[in-house]
Amino acid sequence: MKSYPRCDFPLAPAEDVAHRLAGSIRSGAAASLIRLGDGEGMVLTRPTPADPHLWASACQHFGPDVEPSYLRRLADRLARAVQSADILGIRDDIVGVDFPARYFAAPEDEALAAFRARFRLRPFDARLRYDGAMRIARLHRYLGRAHLPDGQAYCSAWIHYDLSADGTLLRLMAEAGDIALISAHAELAPSLARLLGREVGSYGVPNRYLEFARAGGESPYPLEELERTCDRIEVRSPGQLFLVGAGIWGKIYCERVRTLGGVAIDVGSVCDAWAGIPSRLAVLVSKYGAEPGQVPDCLRLPQAAEISR
């Protein structure tokens with residue numbers, strides 16, 4: 001087992017990640033690539049109302065009626081997915097950073113100043129307020145304390161955009177046998193099927209967890225529903241490729257696919273971009289210089305299809 005107290009993760013380039021994924025698909029070897037952001041870091045910290053700032057972030061993500069027990073159970077499942085992943089996506093801006101634990105108890109202005117001075121922020125993120133900064137800092141703290149399995153590889157948490165922009169995702173799909181999509185965008189499976197000229201399986205999931213929070217005040221995404229989705233997943237052949245865009249719960253679906261012998265790639269908001277939805281403004285601006293409200297051409301599905309040929 002390994003640990004990286006300063007988050008000195010050796011991030012593999014996109015071409016190495018693509019090569020490893022292609023090898024798993026060809027050989028029929030189970031594998032998963034999952035990515036971690038500040039939302040996952042918040043869950044893995046197991047928030048409670050005793051930490052009002054972190055709890056406010058949890059309520060923003062999951063709705064005002066979320067319970068600490070729900071977050072503990074979700075964190076347990078997420079931690080399992082992290083441990084089982086063959087490739088783990090890490091935010092570039094937390095790599096090689098020192099952020100002593102004392103800042104979590106420091107006054108907000110002092111903690112925020114230390115965060116801005118120590119983390120390698122994108123220009124867009126320089127405006128982060130305390131709550132957002134501490135979510136990123138807690139992801140750093142979790143990964144710095146985690147004991148991760150030998151043989152696990154690491155890459156940028158934004159790898160899914162790189163693999164989509166240069167056509168790699170579609171090339172992997174073109175080379176794969178069976179393909180399936182786990183996403184809220186039901187229209188993507190037939191679109192991909194037309195591009196590839198063959199069937200693409202589809203597992204529909206809720207579009208946003210807040211839909212549940214707004215519907216009667218119940219838990220945002222009942223864990224029983226998550227388990228039912230896991231039970232529905234069927235890997236039809238060893239190394240079957242699954243593209244998963246389902247938020248925090250998507251990491252758990254990736255683990256399930258791997259357990260069943262498939263290859264799961266956490267493509268996250270690339271599904272939004274393929275559907276023409278610019279859902280990650282900071283990434284689209286910092287990586288591609290996109291205007292607000294626009295999806296760069298290189299991330300649109302028809303363009304990606306042309307690149308892949």
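Begin by selecting helices α3 and α6, which pack at an angle of about 95 degrees with their axes 10 Å apart. Here helices (H or I, at least four residues) and strands (E, at least two) are DSSP runs, numbered from the N terminus. Axes are lines fitted to C-alpha atoms, for helices over the stretch in contact, and angles run from 0 to 180 degrees between N-to-C directions. The angle makes α3 roughly perpendicular to α6; angles under 35 degrees count as roughly parallel, over 145 as roughly antiparallel, 65 to 115 as roughly perpendicular and the rest as oblique.

The model on the screen is predicted: local features need pLDDT of at least 70, side-chain atom pairs count only at pLDDT 80 or more, and totals for chains, interfaces and linings use all residues. Residues are numbered from 1 along each chain as its sequence is written, and side-chain values use heavy atoms, with hydrogens and water left out.

Next, display the side chains between the two helices. His53, Leu54, Ser57, Gln60 and His61 of α3 meet Tyr130, Asp131, Arg135 and Arg138 of α6, where contact means heavy atoms within 4.5 Å. By class, this contact of α3 with α6 has 2 nonpolar, 4 polar and 3 charged residues. Ala, Val, Leu, Ile, Met, Phe, Trp, Tyr, Cys and Pro count as nonpolar, Asp, Glu, Lys and Arg as charged, and the others, Gly among them, as polar.

Remain in α3 (residues 52–62) and select Cys59, which lies in this helix. Leaving aside residues up to four places away in sequence, Cys59 touches Pro64 and Val66.

Now select α5 (residues 108–118) together with α6 (residues 130–145); they pack at an angle of about 55 degrees, with axes 10 Å apart. This makes α5 oblique to α6. In α5, Glu108, Ala111, Leu112 and Phe115 meet Tyr130, Ala133, Met134, Ile136 and Ala137 of α6. The contact of α5 with α6 has 8 nonpolar, no polar and 1 charged residues.

Select β7 (residues 241–245) and β8 (residues 263–266), which run parallel and are joined by 4 bridges. Val244 stands opposite Asp266 in β8.

Finally, show the whole protein chain, which has 15 helices and 8 strands.

Note on methods
Two strands pair if DSSP finds at least two bridges between them.
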